[in-house]
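Colleague: I am new to this structure. Please pick a single part and take me through it closely, then show me what lies around it.

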There are 2 protein chains.
Amino acid sequence: MNDELFINTVQKYPAVWTHPTNKEISGSCRLLNFFKEMFKNIFLNRLRTRTFDLISYNSRNVVTGIENIHNNDIGKEVEFKGWVKSVRKHKENIFVDLSYGIVKDKVQILIPLKLNPQVSPGTSIAVKGRLHLSPRGQIELLAERIKVFGKCSMEEGYPFAPRKTYAPEYVRQYLHLRPRYNKFSSLLKVRSAAELVIHEYFNSEGYISVHTPILTSNDCEGAGEIFKVIPDNEALLTDMVREKVPLHEAFFNTKVFLSVSGQLHLEAAAHSLHKVYTFGPTFRAENSKTRLHLSEFYMVESEIAFLEKLEELIQIIEELIKSVTKSLLNRCEDDIQLFCTENKISFTWLDKNFPILTYSEAIGILKSNRENFKTDIDYNKGFSKEHEIFLVNYCGGSPTFIINWPKVMKPFYMKECEDEDTEVAALDLLAPGVGEIVGGSLRENNYIKLKNRLPKLSEQLEWYLDLRKYGGVPTGGFGLGFERYLLFLLGINNIKDTIPFPRWPHNCSL
Amino acid sequence: MNDELFINTVQKYPAVWTHPTNKEISGSCRLLNFFKEMFKNIFLNRLRTRTFDLISYNSRNVVTGIENIHNNDIGKEVEFKGWVKSVRKHKENIFVDLSYGIVKDKVQILIPLKLNPQVSPGTSIAVKGRLHLSPRGQIELLAERIKVFGKCSMEEGYPFAPRKTYAPEYVRQYLHLRPRYNKFSSLLKVRSAAELVIHEYFNSEGYISVHTPILTSNDCEGAGEIFKVIPDNEALLTDMVREKVPLHEAFFNTKVFLSVSGQLHLEAAAHSLHKVYTFGPTFRAENSKTRLHLSEFYMVESEIAFLEKLEELIQIIEELIKSVTKSLLNRCEDDIQLFCTENKISFTWLDKNFPILTYSEAIGILKSNRENFKTDIDYNKGFSKEHEIFLVNYCGGSPTFIINWPKVMKPFYMKECEDEDTEVAALDLLAPGVGEIVGGSLRENNYIKLKNRLPKLSEQLEWYLDLRKYGGVPTGGFGLGFERYLLFLLGINNIKDTIPFPRWPHNCSL
């Protein structure tokens with residue numbers, strides 16, 4: 001049998017009846033309605049019968065069968081669909097590893113050469129045959145019929161050879177094919193599991209997920225590194241514009257940006273729901289082409305009401321990171337192992353308490369070790385990346401909290417320390433090899449103090465003041481950079497290799 | 001005792017030691033290093049001890065205690081923190097319902113008048129006292145000490161009176177305070193649970209979550225209703241611009257839009273991971289001010305490889321919606337009940353198969369009932385909202401699939417029907433009262449056919465063709481509008497009342 005190159009077309013659903021409502025029905029209006037109702041009922045009964053047939057049809061069992069094979073399935077006839085991962089030729093047969101993308105769920109297929117199989121790596125096929133036991137005691141499929149969905153060849157430009165390791169920079173050139181590269185498909189599975197585990201953790205702790213807006217008229221941090229959003233259709237703008245509004249602000253009647261943080265909106269929700277979080281995309285219009293920066297990245301942000309001490313926030317963050325990591329190690333052992341071995345990472349930090357330094361202490365440590373650094377140590381400028389990584393190593397290689405930051409370095413909403421009003425009750429969490437992965441603080445909840453510290457934008461932020469005007473409470477919160485957490489977890493070098501479709505300055509392909 | 005109006009300040013963490021690395025250490029470099037290492041170890045030991053103290057500190061048990069009160073807690077001293085929901089004055093006491101936002105988890109507080117409590121509804125307080133049994137057999141807290149965090153009064157502008165019902169349009173004027181309005185806080189809880197349940201459902205069925213990009217250089221549908229994205233900082237653009245690139249495209253070196261669908265990117269992932277989905281924000285620059293349109297909304301999109309029949313897709317969508325709804329009814333019974341009673345919704349559709357009509361059949365039904373409609377029935381123009389809602393009612397009030405659509409009405413990537421090349425294997429799912437909540441189709445997986453149907457943008461979509469060039473497989477997928485699902489589920493009238501911070505034409509406040 002030759003390989004069959006399918007041109008897949010859809011069977012149109014057979015219309016087995018003449019549609020009653022298309023018929024001309026004469027007579028009085030009342031009679032017409034009587035007939036209409038009668039025909040409608042006949043028609044609906046037919047509909048339901050037909051639907052029932054569809055529901056009883058289930059082809060998915062066939063496809064998802066690979067991971068469920070057991071020894072007592074031997075002798076059974078099955079069909080597998082997937083991609084050829086590797087091919088080994090023997091005298092009378094070829095051996096094929098078939099996978100549907102999940103590394104550990106591949107099955108060996110034995111194809112007699114008389115079937116004339118044209119199955120290079122990357123080819124997608126359906127194989128029918130019987131399960132049998134190989135001489136080595138493995139379950140394999142003895143192919144009786146092969147159907148090729150789509151061929152794949154490096155001669156025609158497919159960039160990955162089977163079982164070959166490529167540099168991340170090479171793989172990244174082919175964003176649309178990168179999910180097929182084994183190591184990156186493992187990354188995608190770990191990332192997916194991490195997302196789920198984070199949602200489950202917050203849910204189990206009584207947090208409510210609140211989708212903060214991506215489009216916002218507030219520029220929360222006032223940092224200026226923001227993207228503005230304008231409809232592409234100029235005619236639409238002209239059509240919508242109102243008096244005294246600039247044309248490019250016509251759609252929303254105000255200037256609109258992509259969110260740099262959901263914090264302010266989360267605070268509004270925390271003032272009712274007590275403990276809230278959001279997991280979503282965030283944006284920075286910053287010309288930073290480093291291994292740690294993306295223009296679009298994911299943040300886990302949380303706000304907690306009735307939170308009065310930085311120590312509580314520290315505890316919440318540490319528990320979150322440890323608990324999520326432990327769950328992930330359970331769920332994705334194989335996929336994580338792939339990275340552990342190569343990147344020499346360990347998880348000894350899971351059993352230790354995260355060290356805590358004040359900002360002043362950290363500056364002191366850096367100054368005493370200044371011969372190690374290329375960058376200056378300046379109390380008012382914060383840490384450079386090499387400083388951050390040094391501090392973590394200095395504290396034993398566990399993630400390390402830096403608390404009580406100079407007020408001048410932090411945004412207006414952070415609460416002053418009690419005995420030192422030049423400092424705010426803020427924290428950064430630094431991770432080995434990565435540096436900052438979390439930032440957080442207590443929020444200023446005194447109406448007068450907050451009002452006095454508001455930037456010029458204060459009119460736009462009247463609503464934020466209102467949160468303190470009506471039933472205000474002490475709150476605190478933090479943001480965890482999701483990709484930076486994955487970098488740290490898996491010991492990956494470049495953040496572009498932790499997200500399916502990375503965007504960075506001068507790069508937004510696909 | 002008077003109410004104490006707290007100005008919450010943070011205790012700076014006490015620095016109990018002199019930092020050893022701040023000392024001047026003289027001697028040879030070797031000796032210096034020896035001392036440095038020794039002091040460092042002493043320092044780190046201190047750090048760990050201090051951290052341990054923090055970890056053993058847990059104030060959160062106090063706050064989250066409300067939902068965990070049992071009869072055997074009677075007599076215990078506790079502290080609750082929350083917002084006053086309602087106040088009833090009696091001769092010697094006042095009765096307060098305290099909540100921290102979760103309607104069913106409120107507790108009754110009995111406050112002796114001698115404490116002089118100033119607790120209007122909306123006020124945030126901490127109450128210390130003993131649990132006791134009221135004459136009616138309810139557990140309540142007998143207050144001994146009250147601390148007021150933040151007062152709240154309608155005289156100063158707070159817009160909600162306790163136990164009063166307001167029109168959604170009124171509540172919507174106060175987006176930042178809306179989470180405090182009971183019914184909306186229930187909505188937020190149902191929405192949060194729905195998000196989690198959807199993630200759990202896909203995970204249990206073996207799907208991988210893939211974050212498709214928000215920023216994209218592809219305009220997938222080619223519909224023109226897109227937002228473009230530009231850095232706000234013009235100096236940055238001038239700095240970054242390269243030869244032959246327009247200034248406003250300088251940041252990414254290409255024109256960049258907000259995603260209208262993650263489908264094409266999901267297809268890339270499905271060609272490796274088999275079954276994938278994404279749950280995230282999507283954008284439309286469309287001047288539609290209706291009860292069913294938002295400029296920023298959430299979509300659940302999924303792509304499945306080796307999917308060859310529209311019937312399979314129908315089954316997957318129907319299972320998803322029924323399974324998610326059943327889980328939600330279990331988890332959020334009270335919150336959903338709040339909407340059911342008022343909006344007269346039922347869930348009888350959960351036990352029925354969803355009817356299926358072909359597009360032609362649907363047009364036939366509409367034509368036979370044309371006296372019911374204000375809008376024209378035109379085979380080439382699709383359905384108006386009143387048509388959609390009529391069709392659902394006609395088919396018995398269950399969500400109804402419309403399949404096999406005219407090719408001219410649908411995008412280039414949809415697969416033609418086998419026996420009718422003027423139709424494509426596409427589906428819409430129409431829900432009672434809402435109309436379209438799902439759109440989906442089989443995708444054209446034949447390289448040549450797809451190439452011939454590609455729009456002018458074909459150069460930009462070379463990567464999409466590649467998916468068919470290398471190991472291509474039949475795929476299909478769909479997108480579910482999350483807010484429209486919530487509208488349908490809860491019988492809410494306006495989509496702006498299903499999302500925390502709605503954005504629509506001329507409106508992007510906060």
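Modeller: The second largest cavity is lined by B:Lys228, B:Val229, B:Ile230, B:Pro231, B:His248, B:Glu249, B:Ala250, B:Phe251, B:Phe252, B:Thr254, B:Lys255 and B:Val256. This is a predicted model, in which local features need pLDDT of at least 70 and side-chain atom pairs count only at pLDDT 80 or more, while totals for chains, interfaces and linings use all residues. Residues are numbered from 1 along each chain as its sequence is written, chains are lettered from A and ligands numbered from 1 in the order in which they are written, and side-chain values use heavy atoms, with hydrogens and water left out.

A cavity here is a set of points, on a 1 Å grid over the protein atoms alone, where a 1.4 Å probe fits but cannot get out; lining residues have an atom within 4 Å of a point. Grid points are joined across faces, edges and corners, and the volume is the space filled by probe spheres set on the points. For the second largest cavity that volume is about 70 Å³. Its lining has seven nonpolar, two polar and three charged residues, where Ala, Val, Leu, Ile, Met, Phe, Trp, Tyr, Cys and Pro count as nonpolar, Asp, Glu, Lys and Arg as charged, and the others, Gly among them, as polar.

The count comes to 16 cavities of 30 Å³ or more. The largest cavity has a volume of about 300 Å³. Of the 34 residues that line the largest cavity, the closest to its centre are A:Gly280, A:Pro281, A:Tyr298, B:Gly280 and B:Pro281. The elements that give two or more residues to this lining are α4 (182–204), β10 (275–283) and β11 (296–305) of chain A, together with α4 (182–204), β10 (275–283) and β11 (296–305) of chain B. Helices (H or I, at least four residues) and strands (E, at least two) are DSSP runs, numbered from the N terminus. By class, the lining of the largest cavity divides into twelve nonpolar, 18 polar and four charged residues.

Back in chain B, helix α6 (residues 263–273) is mostly covered, with eleven of its eleven residues buried; buried means under 20% relative accessible area, exposed over 50% and partly exposed in between (1.4 Å probe, protein chains only). Among the buried residues of α6(B) are B:Leu264, B:Glu267 and B:His271. After α6(B) comes B:His274, whose phi is positive, near 75 degrees.

Key:
On a 1 Å grid over the protein atoms alone, a cavity is a set of points where a 1.4 Å probe fits but cannot get out, and a pocket is an open set with protein on both sides within 12 Å along at least five of seven lines; lining residues have an atom within 4 Å of a point.
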